[in-house]
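Hi,

Here is the structure I promised to pass on. Have a look at it first, and then read my notes below.

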Amino acid sequence: MDVAIRPAIEADLPAVAEIFGHYVRESVVTFETVPPSQAYWRTFRSGLDDRGLPFLVCRRGEEVVGYAYAAPWRPKPAYRSTAESTVYLAPGRTGQGLGRRLLTALQQSCRKAEVEQMIAVIADSGDPASAALHRACGFTEAGRLRGVGHKHGRVLDTILMQCDLASLNGAA
């Protein structure tokens, strides 16, 4: 079945909320502890649109199987050309190359939006898949924050990764 990646629309937000809700409840890959509502996602997507930043979904047939977005890294004006990347896949959809396709499309969209640097903040859950995905898409490790998260009885580090979009030379 064909895979399509496109900007998120209102009709995609229930699936986005469901995918993220799974990770909030069942994992430590996000430090959120309460799944955000669809209203939150509507407002969040609108805010990204207002800033010219991408919010993409990956669809396989009629099913949303993942999403990715770039959000402002920090609110201060000097950070305006830096964005934080986020990628989530529906349960059971990992390991199929969808994450790489989504992250690559996100990088392309960010370049068009004049983003120069992308930052990924990855919870060190013991599963290397997210860091490996980001490395495959040109990110390098920029640092580690130790013991900054507490969830499901675990103390967690975060890994900071960075990608200079200009250094990808058209690869993104």
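A question to start with: which residue in β5 is the bridge partner of Thr 82? That partner is Gln 117. Keep in mind as you browse that this is a predicted model.

That bridge belongs to the pairing of β4 with strand β5 (residues 117–123), which is in the parallel sense and runs over 3 bridges. Helix α3 (residues 98–112) packs on the sheet here, and if you follow its contacts you will find it touching β1, β2, β3, β4, β5 and β7 (154–164). The direction of α3 makes about 155° with that of β4.

Zooming out to the sheet: 7 strands make it up, it is open, and the order is β1-β2-β3-β4-β5-β7-β6, with mixed pairing. At the edges sit β1 (3–7) and β6 (140–151), each of which pairs on one side only. From one strand to the next, the twist averages 25°. As a reminder, strands in a sheet pair through backbone hydrogen bonds, and can do so either parallel or antiparallel.

Another helix on the sheet is α2, which lies across β2 (55–60) and β3 and runs at about 55° to β3.

Now the helix pairs. Take α1 (residues 13–26) and α2 (residues 38–51): their axes come within 9 Å and cross at roughly 110°. An angle from 65 to 115 degrees counts as roughly perpendicular, so that is how α1 and α2 sit relative to each other. Their crossing is right-handed. On the α1 side, the residues in the contact are Leu 13, Pro 14, Val 16, Ala 17 and Phe 20, and they meet Gln 38, Trp 41, Arg 42 and Arg 45 of α2. By type, the residues of this contact come out as 6 nonpolar, 1 polar and 2 charged.

The other pair is α3 and helix α4 (residues 129–136), with axes that come within 10 Å and cross at roughly 50°. That makes α3 and α4 oblique to each other, and this crossing is right-handed too. Gly 99, Arg 100 and Leu 103 of α3 make the contact with Leu 133, His 134 and Ala 136 of α4.

- Ser 81 is in the loop between β3 (63–72) and β4 (82–89). Is Ser 81 buried or exposed? With a relative accessible area of 19%, Ser 81 is buried, since the cut-off for that is under 20%. Leaving out residues up to four places away in sequence, Ser 81 touches Glu 114, Val 115, Glu 116 and Gln 117.
- Ala 15 lies in helix α1 and is partly exposed, with a relative accessible area of 21%.
- Arg 144 is in strand β6 and is partly exposed at a relative accessible area of 29%. Again not counting residues up to four places away in sequence, Arg 144 touches Asp 124, Asp 157, Thr 158 and Ile 159. The C-alpha atoms of Arg 144 and Val 24, 120 residues apart along the chain, are separated by 22 Å.

Happy to go through any of this with you on screen.

Cheers

Conventions: Residues numbered from 1 in each chain as written. Predicted model: local features only at pLDDT ≥ 70, side-chain atom pairs only at ≥ 80, totals over all residues. Heavy atoms only, no water. Axes fitted to C-alpha atoms, helices over the stretch in contact; angles between N-to-C directions. Helix = DSSP H or I, 4+ residues; strand = E, 2+ residues; numbered from the N terminus. Parallel < 35°, antiparallel > 145°, perpendicular 65-115°, else oblique. Left-handed = near helix turned anticlockwise from the far one by under 90°. Contact = heavy atoms within 4.5 Å. Nonpolar A, V, L, I, M, F, W, Y, C, P; charged D, E, K, R; others polar. Buried < 20%, exposed > 50% of the residue type's maximum accessible area, 1.4 Å probe, protein only. Pairing = 2+ DSSP bridges.
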